[in-house]
Amino acid sequence: MPNILHIVNGDAFGDKLRTSGIDGDILVWRESLYEGPIGMQMSDSVLLSMRAAYMNRQHGIPQEMFKSTTLQQEKALGKLVENADEIVLWFEHDLYDQLMLCYLLSRLFALPIRPVKLSLLSINYFPGVEFFHGLGQLNVDQISQLHDKWLPVNEDQLLLASKVWTAYSASEPLLMATLLGEDLSALPFLKKALQANSERYPSIQNGLNAMQQLILELIGDGEVSVLSLFQEVSKTANHYGLGDLQFWAIVDSIRKCEFPLVRLAGGDKLPGYGEQLPPHFEKWRLQRTQMGKLVHTCKLDHLYLNGIDDWNGGVHLLGKKDIWRRNGISAGFVKM
């Protein structure tokens, strides 16, 4: 019997896949690649320390735990690949998964000896599921229906994934802008995912990225429950693959700044890594400040007011001026 290695995103799905009776080993890949600094060699010690510091600042993830987890899964991948006759990658349509898919394909593409067979199951819907947002929402019976439905990975897909990871790791967004104008159909969900990634850059209009703009828009002139806002943003922007920790961090990026754009009522600290939701969290609410209203309507600029210290792949967005921004009209990038 051939040795099969299944690489999946998410412990919940990994557990269900195991329960479904799938043949082979399962490796759960735990890494949020649309956050923090990115490079060609993700296990590089300097880059790993930078990422650990970022994740600690953003989410409260202990730095040593983050570093050890990353190194362990990189080593596990190398070891398991050596003995695998086939590797099956299970990834969804959203930005979170597509970046992970491109990283893993580029990593496997660079191996001196590749597995006998490399396969992919990548979906954006499941029959009977009205709002599909991920494999983790499927039950064991539904997952069983996906057994052996994966398709072989071809050379075009490997080459494309490698190009994407090179562009995403670059210190400027120009390679990615060029790539977005090319044929990306070898990986059918990639174009929309990379367009979502471009929307993570600040806008030339008001310095907000698309998620920050959406949050201000959905809050409007009233008050909105934090939990209901998370649910609405997740549904509206499901191509991001947004988790709760990522959402709290986006809210804090426009709340915990020199001139806050939103105000939190009910508590002061949004949940961090490993923390339970605070008591009565369902009653916590957000409202726009006057400054938030002016930025939302493009009368003021968020970056000129508050600056930024964040990453989009290998691009460090730092300061108040001379920052790479997204031009929504030309779909290109400019510094301003």
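So, is D221 buried or exposed? It's exposed, at a relative accessible area of 65%; the cut-offs here are buried under 20%, exposed over 50% and partly exposed in between, with a 1.4 Å probe and protein chains only.

Quick housekeeping. This is a predicted model, where local features need pLDDT of at least 70 and side-chain atom pairs count only at pLDDT 80 or more, while totals for chains, interfaces and linings use all residues. Residues are numbered from 1 along each chain as its sequence is written, and side-chain values use heavy atoms, with hydrogens and water left out.

Back to D221. Its salt-bridge partner is R288, with the closest N and O atoms 2.6 Å apart; a salt bridge here is a side-chain nitrogen of Lys or Arg within 4 Å of a carboxyl oxygen of Asp or Glu. R288 sits in strand β8 (residues 285–288) and D221 in the loop between α9 (210–219) and β6 (223–225), so this pair ties together parts 67 residues apart in sequence. For the element names, helices (H or I, at least four residues) and strands (E, at least two) are DSSP runs, numbered from the N terminus.

By that rule, we get 13 salt bridges. Another one joins D268 and R255, at 3.9 Å between the closest N and O atoms. D268 is in the loop between β7 (262–265) and β8, and R255 in the loop between α11 (244–253) and β7, so the pair links parts 13 residues apart in sequence. D268 is exposed at 60%, while R255 is buried at 11%. Shared partners put D252, R255 and D268 into one network.

Then there's R18 with D15, 3.5 Å from N to O. Both are in helix α1 (residues 11–19), three residues apart, about one turn of the helix. R18 is partly exposed at 45%, and so is D15, at 47%.

Now the nonpolar cores: sets of buried Ala, Val, Leu, Ile, Met, Phe, Trp, Tyr and Cys residues joined through side-chain atoms within 4.5 Å. The largest has 73 residues, and I7, I87, L89, L104, L105, I215 and F247 touch the most other members. Helix α4 (residues 95–109) is the top contributor, with ten residues. Domain 1 (4–176) and domain 2 (201–335) each supply at least three; those bounds come from an automatic or database domain assignment.

Zooming in on I215: leaving aside neighbours within four places in sequence, I215 contacts L229, V233, F247, I250, V251 and I254, contact being heavy atoms within 4.5 Å.
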